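I set out to record what can be read from this model, from the overall fold down to single side chains. The entries below follow the order in which I looked things up.

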Amino acid sequence: MIKMNIDQVIAGFDRRYRTKKILNIAISALIVFCGIFSVYFIFKFDKEGLLTFRWMTVDGTIFTTILTSAFIIINIIEITRKTELTRSLVYFIRLSSSVAESLILIVVLLSQLPFFSQHMHILRIDMFFMHLLIPLLTILSFVLNDSPLGLLKFRQLWNGTAFVTVYAAIIIALIQGNVIAGDKIPYFFLDFDNMPLPMIILGFIFIYAISFGMAKLLVFLNRRYYWMWFRLTSKNRDDK
């Protein structure tokens with residue numbers, strides 16, 4: 001006969017819950033360190049002043065760093081109260097950050113393909129942090145830590161593109177206002193004066209297709225692997 005020791009199961013869940021949150025705090029602290037270091041380094045190294053912040057990579061890193069700093073506090077409260085604080089708004093903001101970081105990672109990896117004449121730098125330490133390490137850690141943190149909201153509708157998944165949309169709106173406004181012009185325009189498909197309209201449209205379709213696709217994939221992975229920490233505990237039974 002198989003019997004389950006309820007106290008042992010509850011203790012096992014509690015132990016794994018704390019371990020999961022503590023590990024996420026450690027990952028988040030590393031993200032914050034890498035984010036602060038990277039933004040400071042690129043600002044000082046490239047010497048472009050405020051134009052440093054025209055890149056989505058830099059803005060995405062700042063957004064993720066600030067959000068992750070706040071999430072460390074949330075995790076500490078969750079450990080103390082032994083309850084999840086993740087709500088829809090927090091979940092979708094975190095999803096948006098993870099999607100932005102995924103987009104940064106995918107674009108930089110695609111740029112390394114041999115048929116591109118120019119490759120994004122990934123070996124300089126700040127570039128390595130912003131293009132590779134921070135995106136991977138952010139994705140890992142979201143998938144394993146954030147409490148899933150269940151099956152999301154098509155329109156809800158679009159919330160994952162929120163940061164990309166806000167960035168695009170601001171950068172387009174700056175370009176149209178001639179605050180950013182010429183070779184300072186960050187991405188080729190934003191050069192509305194010199195690029196053919198089909199190329200501009202294709203550029204936006206490409207960005208949003210990746211962003212929506214990653215939102216859908218990240219939500220799927222989050223629902224699948226969030227409970228991974230607790231599976232062994234739920235099977236912890238004594239055979240007597």
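**Entry 1: a surface residue and its patch**

I began with Leu 197, which counts as exposed, its relative accessibility being 56%. I note at the outset that the model is predicted. I placed Leu 197 in helix α7. I then looked up which nonpolar surface patch contains Leu 197, and found one of about 600 Å², made by Phe 188, Leu 197, Met 199, Ile 201, Leu 202 and Ile 205. I recalled that an α-helix has 3.6 residues a turn, so residues three or four places apart point the same way.

**Entry 2: the chain as a whole**

I counted 8 helices and 2 strands in the chain. Read from the N terminus, I found the order β-α-α-α-α-α-α-α-α-β. The chain has 240 residues, and I noted that 43% of them count as buried.

**Entry 3: the nonpolar cores**

Which residues have the most contacts inside the largest nonpolar core? I found Met 56, Leu 95, Leu 190 and Leu 218, in a core of 35 residues. I then asked which helices supply at least two residues each, and listed α3 (88-110), α4 (125-145), α6 and α7. Of these, α3 gives the most to this core, with 9 residues. I recorded a second, separate core of 6 residues, which includes Ile 27, Cys 34, Ile 134 and Leu 137.

Setting aside neighbours within four places in sequence, I found Leu 218 in contact with Leu 95, Ser 98, Val 99, Ser 102, Ile 139, Phe 142 and Val 143. Leu 190, by comparison, I located in the loop between α6 and α7.

Is Leu 190 buried or exposed? I classed Leu 190 as buried because its relative accessible area is 3%, and buried means under 20%. With neighbours within four places again left aside, I found Leu 190 in contact with Ile 171, Ile 172, Ile 175, Ile 185 and Phe 204. For the pair Leu 190 and Ile 171, I noted 19 residues of separation in sequence and 8.7 Å in space, C-alpha to C-alpha.

**Entry 4: salt bridges**

I searched the whole structure and found 6 salt bridges. I kept in mind that side chains of opposite charge can pair when their charged atoms come close.

I found the side chain of Glu 48 in a salt bridge with that of Arg 54, at 3.0 Å from N to O. Glu 48 also meets Lys 184 in a salt bridge, at 3.7 Å from N to O. I noted that this second pair links distant parts of the chain, 136 residues apart: Glu 48 is in the loop between α1 (6-46) and α2 (56-81), and Lys 184 is in the loop between α6 (162-176) and α7 (197-225).

I compared the accessibility of these residues. Arg 54 counts as buried at 5%, whereas Glu 48 is partly exposed at 24%. Lys 184 counts as partly exposed at 31%.

I next looked up Arg 124, and found a salt bridge with Asp 126 in which the closest N and O atoms are 2.7 Å apart. In this pair Arg 124 counts as partly exposed at 23% relative accessibility, while Asp 126 counts as buried at 0%.

**Entry 5: helix span and backbone angles**

Just after α2, I noted a positive phi of about 55° at Lys 82.

I looked up two further residues with positive phi. Lys 47 is not a glycine, yet its phi is positive at about 55°. I placed Lys 47 in the loop between α1 and α2, and recorded it as exposed, with a relative accessible area of 69%. Asn 178, also a residue other than glycine, has a positive phi near 60°. I found Asn 178 in the loop between α6 and α7, where Asn 178 counts as exposed at 62% relative accessibility.

Definitions and conventions:
Residues numbered from 1 in each chain as written. Predicted model: local features only at pLDDT ≥ 70, side-chain atom pairs only at ≥ 80, totals over all residues. Heavy atoms only, no water. Salt bridge = Lys/Arg side-chain N within 4 Å of Asp/Glu carboxyl O. Buried < 20%, exposed > 50% of the residue type's maximum accessible area, 1.4 Å probe, protein only. Helix = DSSP H or I, 4+ residues; strand = E, 2+ residues; numbered from the N terminus. Patch = residues over 30% accessible without salt bridge, like charges linked within 9 Å, V, L, I, M, F, W, Y side chains within 5 Å. Areas by Shrake-Rupley, 256 points an atom, 1.4 Å probe, with all protein chains shown as cover. Core = buried A, V, L, I, M, F, W, Y, C linked by side-chain atoms within 4.5 Å. Contact = heavy atoms within 4.5 Å.
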